[in-house]
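Q: I have a structure to go through with you. Can we take it piece by piece?

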Amino acid sequence: MARNPQLNRHGELQHLLTTEGLPRDVITRILDTAEPFTVVAEREVKKLPLLRGKSVFNLFFENSTRTRTTFEIAAKRLSADVINLNIATSSTNKGETLLDTVDNLAAMQADMFVVRHASSGAPYLIAQHLEATGRDHIHVINAGDGRHAHPTQGLLDMYTIRHYKRDFTQLSVAVVGDILHSRVARSQIHALTTLGVPDLRAIAPKTLLPADIDRLGCRVFHDMAEGLRGVDVVMMLRLQNERMQGSLLPSPQEYFKFFGLTQEKLALAKPDAIVLHPGPMNRGVEIDSAVADGKQAVILPQVTFGIAVRMAVMAMLAGSTT
Amino acid sequence: MSLPDAEHLLVVLADQIRPRVGADTALVGLHTGGVWLAQRLHALLGLAQPAGSLDVSFYRDDYAKRGLARDTRSSALPFEVEGRHLILVDDVLHTGRTVRAALNELFDYGRPLRVELAVLVDRGGRELPVAPTYCAATLDLPPGQRVKLAQDGDTLSLRLTGS
């Protein structure tokens, strides 16, 4: 069997590319490691020396202010030097290939690449290229590739769920919305199944479900009232207008009517159910403001935990023995 | 070789510290043995301030070589560090590197008035200019030998481990 490309020969995290196939003990270790990092944010000096002298390159081939910012904060709190490159607006426009860009930055003594790319598999390609050329001391973190994966988002969602609900093996979890276009949903679903969630549900219109949804281990619902009944966790997804091709939906208003999360629909879940959303939210499209600002929403804690989880991933990567 | 009784050393250490304790004094235990000791000392000394704890994993100088420890815990200092008299508490003083890491971490919480060091055992082998303020016993151990504190129920004891 081929070696898991994310782990080194000691079984330690070498790159973080996807939550698919990531062993349960590695996921658990990331979540455990993140916990003490949450405390650091409340101190006088919010910095740790772990990545002192290291250079982290944020390689964003696709725009994202929030994700880039949280990675930047995470790296800076670990004392790394952070270099942000918005390649959407630079050298690839002049014709440079992805791997030429990577080689140039590696020649600038990069220690870590945080990669966001519109094409699925781009971070994997970079990781493979670095290893094939003997530069396996450089680590790659996938910050979102196409429709494929967004592992740090998936992991911070797991951290959030564990924080409020403790035991994954007792939970009913619903993933709601545009699963077809969502790399977040894939990363969530793989992590949830690995962590042993016994009742995992996908709620979406037929047009927004991927063809392979059955193989992902989800029970599929096309009706919110049915799908939300008795769940502990509701994971909302953003309706990705910019990725919609053709007419998958009649209108945002109609989508809200059937799949928007309102207080009435949420009342069908357990009384202590929590609501997650990866942001940015489309209020009045996939989620009602009363829910987004309500007491069951844990959307802002997700953002705070996200920094600690990204710190944990970076600290584990930089501390792995090659 | 026979090791001294940790429960007896604990009383000796408390007696050394007692005359120097003020209203502003707080103990800070270093994971793991130091935290057990700090809790016991806290009760023996009847301190007003709760005891804090530090896990110095994020400040260790061997992180680049050995990575993060598997069971890193949160540090907790349930008081203002600024202007306070702090006593770092550890079970065994050896190379001094843990104390160096602890001092670095402490100053990221604020500027203490004074920091002292209390250890149950000084076993020698220093690699940094660090000396204890309070020390209940000294042991002369060969470089490969290690000694650490164990907790069995409520009872503390010293144990020898391999290198």
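A: A word on terms before anything else: domain bounds here come from an automatic or database domain assignment. This is a predicted model, in which local features need pLDDT of at least 70 and side-chain atom pairs count only at pLDDT 80 or more, while totals for chains, interfaces and linings use all residues. Residues are numbered from 1 along each chain as its sequence is written, and chains are lettered from A and ligands numbered from 1 in the order in which they are written.

Q: Into which domains is chain A divided?
A: Domain 1 covers 24–149 + 305–318, and domain 2 covers 151–303.

Q: How many Å separate their centres?
A: Taken over C-alpha atoms, the centres of domain 1 and domain 2 of chain A are 26 Å apart. Their contact takes 20 residues from domain 1 and 21 residues from domain 2, where two residues are in contact if their C-beta atoms, placed from the backbone, lie within 7 Å.

Q: Which elements supply the domain 1 side?
A: H1, E4 and H11 of chain A each give at least two residues to it. Helices (H or I, at least four residues) and strands (E, at least two) are DSSP runs, numbered from the N terminus. By class, that side of domain 1 has 10 nonpolar, five polar and five charged residues. Ala, Val, Leu, Ile, Met, Phe, Trp, Tyr, Cys and Pro count as nonpolar, Asp, Glu, Lys and Arg as charged, and the others, Gly among them, as polar.

Q: And how many helices and strands does chain A have?
A: Chain A has 11 helices and nine strands.

Q: Let's do H5. How many of its residues are buried?
A: 11 of the 15 residues of H5(A) are buried, so the helix is largely enclosed by the rest of the structure. Buried means 20 or more other C-beta atoms within 10 Å of the residue's own, exposed means 12 or fewer, and partly exposed is in between, with C-beta atoms placed from the backbone. Among the buried ones are A:Pro151, A:Gly154, A:Asp157 and A:Ile161.

Q: What do they pack against?
A: The buried residues of H5(A) pack against helix H1 (24–40), strand E4 (139–145), helix H6 (183–194), strand E8 (233–236), strand E9 (274–276) and H11 of chain A.

Q: What comes after H5?
A: A:Arg166 follows H5(A), and its phi is positive, near 60°.

Q: Now the largest nonpolar core. How many residues?
A: The largest nonpolar core has 141 residues; such a core is a set of buried Ala, Val, Leu, Ile, Met, Phe, Trp, Tyr and Cys residues joined through C-beta atoms within 7 Å. Its largest share, 12 residues, comes from helix H11 (residues 299–318) of chain A.

Q: What does A:Met314 touch?
A: Leaving out residues up to four places away in sequence, A:Met314 touches A:Leu51, A:Ala74, A:Ala75, A:Leu78 and A:Met112.

Q: Switching to chain B. How many of its residues are in contact with chain A?
A: 13 residues of chain B are in contact with 16 residues of chain A. The chain B side has five nonpolar, five polar and three charged residues.

Q: Is B:Pro19 buried or exposed?
A: B:Pro19 is exposed, with 6 other C-beta atoms within 10 Å. B:Pro19 lies in the loop between helix H1 (6–17) and strand E1 (25–30) of chain B.
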